[in-house]
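Look at the model, try each task, then read the solution.

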Amino acid sequence: MERTLAIIKPDSVKKNIIGKIIDRIEAEGFRIVEMRLVHLKAEEAMNFYAVHREKPFYADLVAFMSSGDSVVLLLERENAIVRWREVMGATDPAKAAPGTLRRLYGFSIERNAVHGSDARDTAAAEIGFFFKS
Ligand code: CMP
């Protein structure tokens, strides 16, 4: 069993599709270990995405992620990190495979519906960022 962090981003929460995304998470065999609605402060979004701080899109990403509520989820299943990334699809919704969450619900590379950890070390850090247990 492996764990990963998922975020249902503010664009999805504003579109009232939390339920659709959670439905998919469960249908894909993930167990929701913990889940919380959060409104990230700008400083928290800056820290969460600190790895991107030199990127040209960093300021916009921080503004977007702190623009409204998100849902943070601690997910568990076999091969959870890779599997959740497959279910999300490519970062850019226009390049994501049909049927993936970002293709279905993403609007742009920034407003791309969902987030997922990309590796074991980042999953551990990102889970620790939101969940203390
Ligand atoms: P996410 O998986 O949450 O990880 C970092 C985020 O930065 C990514 O999804 C996108 O929302 C955003 N991002 C990545 N590349 C770009 C880009 N070229 N322009 C704007 N935002 C980007």
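This is a predicted model: local features need pLDDT of at least 70, side-chain atom pairs count only at pLDDT 80 or more; totals for chains, interfaces and linings use all residues.

**Exercise 1.** In what order do the four strands of the open sheet stand, and is the pairing parallel or antiparallel?

Residues are numbered from 1 along each chain as its sequence is written, and side-chain values use heavy atoms, without hydrogens and water.

Step 1. Strands are DSSP runs of E with at least two residues, and helices are runs of H or I with at least four, numbered from the N terminus. Two strands pair if DSSP finds at least two bridges between them.

Step 2. The order is β2-β3-β1-β4, and the pairing is antiparallel.

Step 3. β2 (31-39) and β4 (114-116) are the edge strands; each has a single partner strand, so one side of each lacks a neighbour in the sheet.

**Exercise 2.** Find how many bridges join β1 to β3, and how many join β2 to β3.

Step 1. β1 (residues 2-8) and β3 (residues 69-77) are joined by seven bridges. Leu5 stands opposite Leu74 in β3, and Ile8 opposite Val71.

Step 2. Between β2 and β3 there are eight bridges. Val38 has Ser70 in β3 as its bridge partner.

**Exercise 3.** State how many of the nine residues of β3 are buried.

Step 1. Buried means under 20% relative accessible area, exposed over 50%, partly exposed in between (1.4 Å probe, protein chains only).

Step 2. Seven of the nine residues of β3 are buried.
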